[in-house]
Amino acid sequence: MILSVQGITVRYGKRLVLDALSLPDLGPGLTVLAGPNAAGKSTLLRAIANLAAHSGRVMLDGVDLGRQPPAKRAATLGFMPQALPSGSSLIVLESVIAALRASGEAPRADEAALAVLERLGIEALAFRRLDQLSGGQRQMVGLAQALVRGPQVLLLDEPTSALDLAYQTRLLTELRRQADEGRIVIAVLHDLSLAAQWADRIAVIADGRLHSTGTPAEVLTREMLASVYRVDARVETCGRGRTVILVDAEYRGG
Amino acid sequence: MVGDAREMTALARYRSLGRRRAALVAALAVAAVAALLLDILTGPASLPLADTVAALLGQEVPRGTQVIVWQVRLPVAVMALLVGAALALAGAEMQTVLENPLAEPFTLGVSSAAALGAALAIVLGVTVPFLPPAWGVSANAFLLALAALALLQMLGRLRGGGPEMLILFGIALNFTAAALLSLLQFVASADALQQLVFWTMGSLAASRWEGVALIAMILAACIPFAIRAAWRLTALRMGEEQARSFGVDTRALRRWALVRVSLLAAGAVSMVGVIGFVGLAGPHIARMLVGEDHRFFLPASLLTGAVVLSLASTASKLVVPGVLLPIGLVTSLIGLPIFFALILGGRTR
């Protein structure tokens, strides 16, 4: 299974957010999109999910996803937003069932939705209302809604931004599992130490272009951190070969 | 195994929640029928209960009773029920597709446009050609209400059709129609002005079987499509982008929902004039009762609207004995305090 993202251009009004951005072909595995704020990472993710108007092509095994009918595309692509709206009084379980049934009939939808909640360890929330959950709990529900259709490609926009350490670990373990089972997982992450620990590949986006891409060891270098993030940082290896990034100061060099 | 057992109990709990909601919807249906009967049984001509029931069942009764029940009370009572249902269903769909709990047909200028249409007929005598004169006011109101919502959709599409834009355009439309209405009132004769004021207060008194049939047909045409869209509308409660990622064509969903809203609201307003509140309160009460799963929320809204307007119709005959108050006044004066009590009660719970 190969996802090919080619020549994606997105404009918001007159501002060019993504400039004919292409990624190298992505196979199964966990790819992290990294880069400074406003670099275009979330926009790229939303363009791949066909949620942002764009030019360019997103193909899965030669099939143009942008041309598929919405219901068919939703069976292939799962999207987890940074936050679910807080104003709905739907209960968690029916919101996950709706994620499955909105695109048509789904046999045993109730069972499937419950199974996903159990796998993510949030079955205790099943009968709670969305507007009575914390931001982190809602984010986990967003993950459940993305997973419930069993999509081959998972797109996640800053999935850990509101999560505590336990939920963070649970979410990343699940993403790792999805990747190891042969799915293509793409997540926007700001925490580069987390990216180094969990990702197979990192693609660094800066100013609407692809800056660099490769394994965490190839991408996370002192030079990249200085040129993209303007920080002076050390990339160090600690116990069990884990990579950590230690920031010393703002980068003052030329 | 433990997981399986837990899943079963959660599943059983979800199913029982569904059954409870279905039972609530059924109870609302029973309440609607009861409210209808109560409405038929009350009126200025104090008919004996037995005679009224006998007339309803088609048995032999005095000719006067027969006429009062079948030609006066029944069309009024059924019209109240159907108009309440139409306005509340329109309000429910509108609140969901515009992602705004304050949306109802009247906040978006439908009532003002309809009133403007009525005024054109009453004040200037401008009506649709080839229609019986008795239908002139209703036909005008219907057409202008439809035109208002069509214009709204067109304007909305120019700017991508997002909910905020639609609401802003709707409010602008509301003020424009209201200003034009004031202009017509300014030039109207005393007679025409009185007729117009009466119309804008909302009245069931002129209900006829033809009008009842029209509203019934509109409801029958809209309800199946609304129910078919229930899961998609539920998904829209998670926001535009989430619904799209679930595979919902949100633009088409919003467009067709607004077509249904247009027909329901225009039909209702053209028959009975301006009746606010039901389109707002029906969905709110329904949401408190059955939540936001639209498989239950839509029918519950519709039935709540029917019950509310049916009870208002009864009240309009009883508040001042011997006087039939305009129903638009009754829904506002009696309905609003009850509605506030419900909301405040719900908050403190």
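Helix α6 of chain B runs over residues 163–187, and its 25 residues reach 37 Å from the first C-alpha to the last, close to the 36 Å expected at 1.5 Å a residue. Keep in mind that this is a predicted model.

Which residues of α6(B) are buried? They are B:Pro163, B:Leu166, B:Ile167, B:Gly170, B:Leu173, B:Asn174, B:Ala177, B:Leu181 and B:Leu184.

Now let's turn to the interface. Chain B brings 28 residues to the contact and chain A brings 35 residues. Together the two chains bury about 2800 Å², with 59% of that area on carbon and sulfur atoms. On the chain B side, B:Trp231, B:Met238 and B:Phe246 supply 23% of the area buried against chain A, more than any other three residues.

The rule finds four salt bridges across the interface of chain B and chain A. In one salt bridge, the side chains of B:Arg21 and A:Glu94 meet at 2.8 Å, N to O.

Which elements give two or more residues to the side of chain B that touches chain A? They are α1 (2–41), α9 (230–236) and α10 (240–245) of chain B. The largest share, ten residues, comes from α1(B). By class, this side of chain B has nine nonpolar, six polar and 13 charged residues.

Terms used:
Residues are numbered from 1 along each chain as its sequence is written. Chains are lettered from A and ligands numbered from 1 in the order in which they are written. This is a predicted model: local features need pLDDT of at least 70, side-chain atom pairs count only at pLDDT 80 or more; totals for chains, interfaces and linings use all residues. Side-chain values use heavy atoms; hydrogens and water are left out. Contact means heavy atoms within 4.5 Å. Buried area is the accessible area (1.4 Å probe) that two parts lose on being put together, summed over both. Helices (H or I, at least four residues) and strands (E, at least two) are DSSP runs, numbered from the N terminus. Ala, Val, Leu, Ile, Met, Phe, Trp, Tyr, Cys and Pro count as nonpolar, Asp, Glu, Lys and Arg as charged, and the others, Gly among them, as polar. The expected span of a helix is 1.5 Å times one less than its number of residues. Buried means under 20% relative accessible area, exposed over 50%, partly exposed in between (1.4 Å probe, protein chains only).
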